[in-house]
Amino acid sequence: MGLEVQEQLGSGSGIVLHGWVTDTGIGMDTEQQTKLFQPFSQVDASTTRRYGGTGLGLTISRQLAERMGGKLWLESTAGKGSTFHFTVRMGLPARVSPMALLSESWRDKRVLLVDDNADARLVLGRMVSSMGLQVDCAESGEHALAKVTHVDRPYDWILLDWRMPGMDGVTCAQRIHDLLQSRFPQENPCILLVTAFNKSDALLAAKDVPLADVLTKPVTPSTLFESLGRAFNKVNKPALSPIEHTPMPPTRPAAGQVLQGMRVLLVEDQPLNQELARELLLRAGAEVVIAEDGKQALQALETEPVFDCVLMDCQMPRMDGYTATRHIRSDARWQHLPIIAMTASALISDREHALSSGMNDHVPKPLDVQQMYQVISRWVGVARKARITA
């Protein structure tokens, strides 16, 4: 599976782009295709589905394409796969953009991208490559140090995710800086910290580390370009100014630390959803353990220290959230354990299904951050009072 795009029609002021994505999956018959662009359509309707559905994504994508003067459509054969097509009409700038000019001068410069999440490495790596830069990737701080140790010339930029298991980005940045200074004493390492957390918190955590910049997620091509340019200009001055000398934005409480001290079991099979929910929970002060399906959730409850709450996706492979919840509720040890459903469907019937299986509450996807914090806090409080009076 991969995205291909070509110019379909061009003029002096704009172009029409035609893009398509092809897969060799199960495909769809004519009846399934007619329902595809309906919200929350599922090709496989079971809660332990092997194949996913559309949620709102395709419906929104079609509307976006139409608002951009194009369209979105599907070609599919059952058992042979599908091809999704789209067209969009794009305006052209009156002159060459600064991004195009500067990125041309960056051609063949090198970037080391360090992130423990494979999807994040893929997405950010493609953005970096699109700017004419060569990209090496590492999945941990230790792997990054090994790469830096064996390069013949230093990387032009090093992008480090902050919250990685094991060696975090701040520690890794300091060790890379020390290593490069010993190997290439005439070079100033250009190290950027990448984080989904509040930027002022990252600056504070890295106040003693000579970073060139902090880049906040979600990263876009424009914010990436600006951050790379800003960092490159900073380290190529006669003297490197430590980041602690840059003006600090006003500090604000990190999500109020509303979940401080809580242990949350996050049960979710999609890697990007895992990363987003995990970052939100960590930001609020919680400790997070991830299970990829209901079976792993049951194993975690047996082997891990006590959890304060379970965030349970409902539709997962192997064992869905409803079945896992019924197993949990059948054990007296977890009688008061809050279990909160997460689902892309906000239908009343889905909420009722969650509650009837033994869950305490329901938060819809995409997650409303404050709602999620409030629901968790409320039910953890209820559970603690119940255990005291039991």
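The following questions and answers concern a predicted model.

Q: Which strands are the edge strands of the open sheet of five strands?
A: The strands of this open sheet are ordered β13-β12-β14-β15-β16, with parallel pairing. An edge strand here pairs on one side only. The edge strands are therefore β13 and β16 (361-364).

Q: In β14, which residue is the bridge partner of V267?
A: Strands β12 and β14 (residues 309-313) run parallel and are joined by four bridges. V267 has its bridge partner in β14, and that residue is M312.

Q: What angle does the direction of helix α13 make with that of β16?
A: Helix α13 (residues 369-389) packs on the sheet. It touches β14, β15 and β16. Its direction makes an angle with that of β16 of about 165°.

Q: Why are the buried residues of α10 on the same side of the helix?
A: The buried residues of helix α10 (residues 294-303) are G294, A297, L298, A300 and L301. They lie on the same side of α10 because the arc they cover around the axis is only 160°.

Q: Against which elements do the buried residues of α10 pack?
A: At the start of α10, a side-chain oxygen of D293 comes within 3.0 Å of the backbone nitrogen of K295. The buried residues of α10 pack against β12 (263-267), β13 (287-291) and α11 (321-329).

Q: Which backbone nitrogen does the side chain of S140 reach?
A: S140 is placed in the loop between β8 (134-138) and α5 (141-149). Apart from neighbours within four places in sequence, S140 contacts V114 and M164. At 3.1 Å, its side chain reaches the backbone nitrogen of H143.

Notes: Residues are numbered from 1 along each chain as its sequence is written. This is a predicted model: local features need pLDDT of at least 70, side-chain atom pairs count only at pLDDT 80 or more; totals for chains, interfaces and linings use all residues. Side-chain values use heavy atoms; hydrogens and water are left out. Buried means under 20% relative accessible area, exposed over 50%, partly exposed in between (1.4 Å probe, protein chains only). Helices (H or I, at least four residues) and strands (E, at least two) are DSSP runs, numbered from the N terminus. The arc is that of the directions from the helix axis to the C-beta atoms. Contact means heavy atoms within 4.5 Å. A polar contact is a pair of N or O atoms within 3.5 Å; within protein, one must be able to donate a hydrogen and the other to accept it, and residues adjacent in sequence count only if both atoms are side-chain atoms. Two strands pair if DSSP finds at least two bridges between them. Axes are lines fitted to C-alpha atoms, for helices over the stretch in contact, and angles run from 0 to 180 degrees between N-to-C directions.
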